[in-house]
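Subject: Structure handover

Hello,

Here is the structure I said I would pass on. Please look through it first; what was found in it comes after.

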Amino acid sequence: MVAQKLFFTICFAENKCCFAKISDSVAKIKLNFAITERHLAKKTYIFAKNSPALANHVYGYTSVVYYEVEKIEKEGEAMEAKPCVNSLTVKNSHVLPPDTNSHGTLFGGQLMAYIDDVAAIAATRHARMPVVTASTDSVDFLNPVKEGNTICLEGYVTYTHRTSMEVFVKAVTENLLTGERQVCTTAFLTMVALDENGKPAEVPPVYPESEEEKWLHNGAAERAEYRRKRREDSKELAERFGADFPWDPTTNRKA
């Protein structure tokens, strides 16, 4: 046999193993290990370390295989799925005069800031990485939040893609004197995790447990597709109208 720079993976089935050449690309071997069972990488590393047969197959590239397997094992631990409730975030705030408009109700912009804050905390708690807001679905103000009342927001991660997370936020206003509570708005936000270089980073998957979480999780893929189409529309609008001044800066008149 002629020595070649080939990488091999080990497949376990009924306590037997077999070798399979997959590629000369380390990136693909990473993907292969990433999608196997959680502890497979660790078993593979132990087997390979003690197997002269594998060393003969990879001709001195065993150390590379060891390194990649160890790396995937660590990534697999980090990417372990988490329940929705792990990211649950609750924020309470008393509505005071500086927070209200001339009608004595909470500024809509202030409520949106609260929503974004809760979503960011929930997403960061799930990913354990910095996050940024990618999009916010429409926010409908269903009931006013009056001065003197409280506003309580609850949010948690309902769905994840590769680097993004959908966060559901519900806002409830309460009259502290009567105990009356009303939902004032609900919203879905998409948050993206960032690595140390400010680039999008993979996030752990999430799984629902309660009936409410399952209902939200089951509809998430459809909402994600809607957002994708909406984003394309937004890009088209941005290209159509551009970034030029709406007036002639040399004359200070409308162009």
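A helix here is a DSSP run of H or I with at least four residues, a strand is a DSSP run of E with at least two, and both are numbered from the N terminus. The model is predicted. By that definition, Glu213 sits in helix α6, which covers residues 211–218.

Glu213

Which side chain of opposite charge is nearest to Glu213, and how far away is it? It is Lys214, at 8.2 Å. A salt bridge needs a side-chain nitrogen of Lys or Arg within 4 Å of a carboxyl oxygen of Asp or Glu, and Glu213, although buried, has none. The side chain of Glu213 does reach a backbone atom, the nitrogen of Glu209, at 2.8 Å.

Salt bridges

Side chains of opposite charge can pair when their charged atoms come close. Across the whole structure, the search finds 7 salt bridges.

Is Asp137 buried or exposed? At 12% relative accessibility, Asp137 counts as buried. Arg230, at 24%, counts as partly exposed.

Arg227 and Glu166 meet in a salt bridge with an N to O distance of 2.8 Å. Arg227 belongs to helix α7 and Glu166 to strand β7, so the pair ties together parts 61 residues apart in sequence. Both Arg227 and Glu166 are buried.

Which residues are linked in a network of salt bridges? They are Asp137, Glu166, Arg223, Arg227 and Arg230.

The second largest pocket

Rolling a probe the size of a water molecule over the atoms shows where empty space is left. The second largest pocket has a volume of about 450 Å³. Its lining consists of 17 residues, and those nearest its centre are Ser164, Thr190, Ala224, Arg227 and Arg228. Arg227, one of these, is the residue that pairs with Glu166.

At least two lining residues come from each of β5 (131–136), β6 (150–160), β7 (164–174), β8 (181–193) and α7 (220–241). Which element gives the most to the lining? It is α7, with 7 residues. By type, the lining divides into 6 charged, 6 polar and 5 nonpolar residues.

Loops

Arg128 is in the loop between α5 (108–127) and β5. Most residues other than glycine have a negative phi. Arg128 has a positive one, near 55°. Its relative accessibility is 62%, so Arg128 counts as exposed.

Thr100 is in the loop between β4 and α5. With a relative accessibility of 11%, Thr100 counts as buried. A polar atom of the Thr100 side chain lies 2.8 Å from the backbone oxygen of Pro97.

Val203 is in the loop between β8 and β9 (206–207). Val203 has a relative accessible area of 5%, so it is buried. Where sequence and space are compared, Val203 and Ala81 are 122 residues apart in the chain, with 9.3 Å from C-alpha to C-alpha.

One more pair in space

Thr124 lies in helix α5 and, at 30% relative accessibility, counts as partly exposed. Thr124 and Val157 are 33 residues apart in sequence, and their C-alpha atoms are 9.7 Å apart.

Regards

Note on methods
Residues are numbered from 1 along each chain as its sequence is written. This is a predicted model: local features need pLDDT of at least 70, side-chain atom pairs count only at pLDDT 80 or more; totals for chains, interfaces and linings use all residues. Side-chain values use heavy atoms; hydrogens and water are left out. On a 1 Å grid over the protein atoms alone, a cavity is a set of points where a 1.4 Å probe fits but cannot get out, and a pocket is an open set with protein on both sides within 12 Å along at least five of seven lines; lining residues have an atom within 4 Å of a point. Grid points are joined across faces, edges and corners, and a volume is the space filled by probe spheres set on the points. Ala, Val, Leu, Ile, Met, Phe, Trp, Tyr, Cys and Pro count as nonpolar, Asp, Glu, Lys and Arg as charged, and the others, Gly among them, as polar. Buried means under 20% relative accessible area, exposed over 50%, partly exposed in between (1.4 Å probe, protein chains only). Lys and Arg count as positive and Asp and Glu as negative; His and the chain ends are not counted. A polar contact is a pair of N or O atoms within 3.5 Å; within protein, one must be able to donate a hydrogen and the other to accept it, and residues adjacent in sequence count only if both atoms are side-chain atoms.
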